Amino acid sequence: MDWKEELRSLTQNQNNPSKLRFDESLSKHNYFGIGGNAAAYFEVSTVEELTTLAQMRRRWNVPVAIIGRGSNLLVSDAGYSGIVVRLIGDFNRLDFDQNRVDVGAGVSLPRLSKLAASRGLSGVEFALGIPGSVGGALVMNAGAWGSSFGDLVERVEAMTEEGELIDLSRDDAQFSYRHSTLKNYFCVTGTTLALTPGDAGEVENRMQDLYNQKITNQPFAEENAGCMFKNPSGYSAGKLIDECGLKGYRIGGAEVSKIHGNFILNLDSATAHNVLSLVRHIQDHVKRERGVDLEMEVQLLGF
Ligand code: EPU
């Protein structure tokens, strides 16, 4: 038996929505629309399956990557030689209890944002325009308009490398700008957020205003992975790239957005190689002209 056979047997005769595919193109599972095949692609719906995966990873030494909704991800043209996992089913839980919400890592940020607003709960209005998952937002401490996901966290539920579920406090997660220590665990499975009670109409208006600002200032029609670079301390990466005259600069099918300099668009069947060549060109140019190092925010898979 090899790991593929074990995976197949794990999902056979299961009465749940989990889905397993081999040699699956990853380009349809990320917002860039780029990337080669995964050896296996597994939509996992139960904690038991996730525990088995954690154990299989150690037993077979097979790489496993959890991809959230693929909104902040660049996948290599060669794909990924292990198991790519997306959380569905039980990981889509969303339970409100007064001003708290217990939410699974698979829930999309726009869904969380809309449901919280409809109950008059403030805190996640900024997330309507971020097409990621709660799990990804925790690990990356996603944010916009001065708010970050980590600020709302009371506890995080994560799975260890051994496949055991544990509870972590906000301090354990050590949230900072677009960073946390949650990457050190096998997988983040959910969180409890503390929101602030308010008036549903006001929260909904604020959520809509932030969304409108986003679609005015950032590209949204073309395939992209959000901001490509972190903002260096004291600078806006987009503004630096704009001031260096790089908007509209193109390599192959990848182009720097003409609306916001920190976005790279897949305009015409761009490859991951095109995107990374453009990233390096931007980094070299900004370093030469402005003396600033730009660090990638978008996560890489399969490189
Ligand atoms: N600007 C330019 N030219 C550009 C882009 C921006 O002059 O091409 C100027 C703007 O006019 C503004 C300033 O730079 O005066 C800052 O721009 P913006 O308000 O768009 O914010 P940002 O720093 O570029 C950050 C986050 C975004 C988030 C926005 C809104 C990072 C890397 N980016 O962008 O997050 O949506 O604030 O709060 O932290 C992301 O993380 O994927 C992301 C898109």
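These legends walk you through a few close-up views of the model above.

The model is predicted, so keep in mind that local features need a pLDDT of at least 70 and side-chain atom pairs count only at pLDDT 80 or more, while totals for chains, interfaces and linings use all residues. Residues are numbered from 1 along each chain as its sequence is written, and side-chain values use heavy atoms, with hydrogens and water left out.

**View 1. Who surrounds the ligand?** There are 19 residues around the ligand, and Trp-145, Tyr-177, Cys-227, Asn-231 and Asp-242 come nearest. A residue counts as near if one of its heavy atoms lies within 4 Å. Domain 2 (93-216) and domain 3 (222-301) each supply at least three residues of this shell. Helix 7 (residues 237-243) gives the most, with three residues; helices here are DSSP runs (H or I) of at least four residues, and strands are runs (E) of at least two, numbered from the N terminus.

View 2. The side chain of Arg-178 has an N or O atom 3.0 Å from a ligand oxygen. For the side chain of Ser-236, an N or O atom is 3.4 Å from an oxygen atom of the ligand. On its own the ligand has 820 Å² of accessible area, and the protein covers 72% of that (Shrake-Rupley method, 1.4 Å probe).

View 3. Strand 11 (residues 153-159) and strand 12 (residues 165-169) run antiparallel, joined by five bridges; strands pair if DSSP finds at least two bridges between them. Met-159 stands opposite Leu-165 in strand 12. Five residues lie between the two strands of this hairpin, and Gly-163 in the turn has a positive phi of about 95°.

View 4. The order is 15-18-17-16, with antiparallel pairing. Strand 15 (223-224) and strand 16 (250-251) are the edges, each pairing on one side only. Asn-224 stands opposite Leu-265 in strand 18.

Definitions and conventions
A polar contact is a pair of N or O atoms within 3.5 Å; within protein, one must be able to donate a hydrogen and the other to accept it, and residues adjacent in sequence count only if both atoms are side-chain atoms. Domain bounds come from an automatic or database domain assignment.
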